[in-house]
Amino acid sequence: MTSDLAITLVKYAVMFLIFLNVAPIMNWVERRACAYIQDRPGPNRVGPFGLFQPLADVAKFMFKEDITPAAADTVLYLMAPAIALLPAFTTFIVIPFGPDIATAGRTIRLIVADVDTGVLLFLAIASLSVYSLVMAGYASNNKFSLLGSIRASAQLISYELALTLSVLAVLLPVGSFRLGDVVAYQQSHLWNVLPQILGFLVFLVAAFAETNRLPFDLPEAESELIAGFHTEYGSMRFALFFMAEYTNMAALSALGVTLYFGGWSLPGITYPHTLLGGVLGLLTLVAKIAVCMGIFVWVRWTFPRFRYDQLMRLGWKVLLPLSILNLVLVAALTVGGVL
Amino acid sequence: MEKLTFFVFAGLALGSAIVVVVHRSPVYATLSLVLTLFSTAVLFVLLGAPFLGALQVLVYAGAIVVLFLFVIMLLNIQSEESAHGAGAQRWVALLGAVILFGMLGLGFWRGGFASVGPLTAESVSLKALAEELFSRYLLPFEIVGLLLLVAVIGATVAARRPGEDDEKSSDVPFEASPPGPLSVTGEGERFQGGTSS
């Protein structure tokens with residue numbers, strides 16, 4: 001019992017440390033990549049290639065004055081950034097990150113919470129992240145913040161449907177909600193991205209909307225709403241929102257690669273059931289997540305922002321029907337024994 | 001450990017449910033409702049029904065209550081002002097409460113408290129749930145689906161203003177809708193800018 005708890009805690013700590021480092025690393029990557037795309041040097045003064053820039057940024061955040069607007073709803077205003085981090089650092093517990101490890105007469109599954117309802121748990125916890133945006137926008141008592149959070153709530157609900165339906169289609173041939181089974185299925189078959197390319201495209205677009213990334217960053221849309229829901233936030237409180245955004249991106253990327261790109265496994269390679277295999281699996285997963293994060297950045301600095309009505313129309317009139325079509329197709333193929 | 005979890009989350013569920021009823025600010029009440037639903041979901045998990053718990057969070061806490069908040073924020077309801085005046089509403093609410101607790105009491109009285117003990121120790125498997133749902137309870141399941149479909153169609157029809165031409169207005173951006181970037185018609189079933197009325 002105690003050792004089980006200890007093992008779970010160690011597994012959580014491994015994933016937590018990885019996801020904790022996403023935000024500072026992505027801070028640097030985002031700014032350098034943006035500069036590269038815009039043909040300028042970007043931050044290159046602090047350390048080699050500007051690599052220590054995140055440290056400087058953190059120091060700056062720490063020493064900035066922490067302001068609470070006089071008209072703000074203090075309790076909700078102070079709670080919102082902390083609540084933003086909770087789902088971000090919880091969802092990855094259902095992501096498997098390596099093969100089973102056989103050691104000292106027992107098998108350790110490399111997943112923090114190996115529960116029956118794996119994917120559902122991920123979606124359920126992820127769906128709670130909207131509350132921090134809504135609370136932040138409402139509590140700031142600022143019209144730009146309020147508009148940002150109203151947009152966020154409508155947008156997140158709209159795209160959650162398409163996202164969930166495309167995820168569901170992946171689970172049909174697998175016949176299980178466990179992401180570990182999804183990875184095992186892809187080891188014995190093709191990667192899901194090939195037979196389910198339609199579902200993957202829906203998932204990809206919906207993922208950008210769910211993480212409020214450009215071209216769908218309407219909740220913060222700086223050209224019209226200043227900074228949207230976090231207009232009034234400064235210093236570390238802003239940094240928490242910043243961290244939550246990147247951690248959510250990483251968690252959704254982890255879900256995406258696990259569903260469509262084989263998760264921690266590589267085709268044709270069997271990792272040994274030892275600690276080495278576990279480390280290799282973890283590195284594979286991290287590498288795949290890193291590629292996804294790179295695509296997030298690339299897209300952000302390449303595409304212009306959608307208009308809000310276009311966003312809603314895309315979600316309801318294009319993505320939702322497409323995801324239902326995909327679900328029906330996959331169901332037919334699964335029943336027909338093709339998948 | 002399990003007992004501790006139960007008492008913490010049962011307490012949270014009850015406490016936040018009381019806040020939902022008595023708090024004067026609708027936003028706080030709605031956020032407390034989220035806490036209630038979340039704590040109830042934890043209790044479902046403790047009872048061996050993790051699927052139900054996940055669905056509770058996904059559907060209620062993650063979607064429906066967001067719509068509540070959306071409407072509250074859009075209408076900018078600051079605090080309850082006139083809710084306490086309505087006399088008829090109070091009697092209807094009282095009647096509803098009596099019926100609800102009467103039915104609950106009847107259930108307890110008929111079945112005895114033994115029937116509300118914990119479920120089996122192992123959790124209800126998804127497979128068993130699905131098989132029951134799609135064989136024994138297929139008709140009620142389909143009826144609920146039909147009911148939801150009717151509600152969606154009804155909301156769409158109610159939201160549609162007479163004489164509105166969908167194709168014509170679909171390319172007009174926001175300038176025709178005064179209350180900000182969104183013009184919400186109906187109960188959040190339909191979001192569309194530019195209703196050009």
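Where in chain A does Asn141(A) lie? Asn141(A) sits in the loop that joins α6 and α7 of chain A. This is a predicted model.

**Where the chains meet**

- Chain A brings 27 residues to the contact, and chain B brings 28 residues.
- On the chain A side, four helices each supply at least two residues: α5 (118–127), α6 (130–140), α7 (143–174) and α13 (308–335).
- The top contributor on that side is α7(A), with nine residues.
- By type, the residues on the chain A side split into 18 nonpolar, four polar and five charged.

**Helix α13 of chain A**

- The helix α13(A) has 28 residues.
- From first C-alpha to last, α13(A) reaches 39 Å, close to the 40 Å expected at 1.5 Å a residue.
- An α-helix has 3.6 residues a turn, so residues three or four places apart point the same way.
- Just after α13(A) comes Gly337(A), with a positive phi of about 85°.

**The nonpolar core**

- In soluble globular proteins, nonpolar side chains tend to be buried together.
- Here the largest nonpolar core has 119 residues.
- The residues with the most contacts inside this core are Val119(A), Met135(A), Ala206(A) and Ala254(A).
- The helix α7(A) provides the largest share of the core, 17 residues.
- Which residues does Val119(A) touch, not counting those up to four places away in sequence? They are Val94(A), Val167(A), Leu171(A), Phe177(A) and Leu179(A).

- Most residues other than glycine have a negative phi, and most peptide bonds are trans.
- Asn141(A) is not a glycine, yet its phi is positive, near 60°.
- Asn212(A) is not a glycine either, and its phi is positive, about 55°.
- Asn212(A) lies in the loop between α9 (197–210) and α10 (222–225) of chain A.
- Is Asn212(A) buried or exposed? Asn212(A) is buried, because 25 other C-beta atoms lie within 10 Å.

**Chain B**

- Chain B has seven helices and two strands.
- From the N terminus on, the order of elements in chain B is α-α-α-α-α-α-α-β-β.
- Chain B has 197 residues, of which 18% count as buried.
- Among contacts in chain B with a separation of 6 or more, 56% join residues 24 or more positions apart.
- Ala155(B) belongs to helix α6 (residues 138–159) of chain B.
- Ala155(B) counts as partly exposed because it has 16 C-beta neighbours inside 10 Å.
- Ala155(B) and Leu133(B) are 22 residues apart along the chain, and 27 Å separates their C-alpha atoms.

Conventions: Residues are numbered from 1 along each chain as its sequence is written. Chains are lettered from A and ligands numbered from 1 in the order in which they are written. This is a predicted model: local features need pLDDT of at least 70, side-chain atom pairs count only at pLDDT 80 or more; totals for chains, interfaces and linings use all residues. A residue is buried if 20 or more other C-beta atoms lie within 10 Å of its own, exposed if 12 or fewer, and partly exposed in between; C-beta atoms are placed from the backbone. Two residues are in contact if their C-beta atoms, placed from the backbone, lie within 7 Å. Ala, Val, Leu, Ile, Met, Phe, Trp, Tyr, Cys and Pro count as nonpolar, Asp, Glu, Lys and Arg as charged, and the others, Gly among them, as polar. The expected span of a helix is 1.5 Å times one less than its number of residues. A nonpolar core is a set of buried Ala, Val, Leu, Ile, Met, Phe, Trp, Tyr and Cys residues joined through C-beta atoms within 7 Å.
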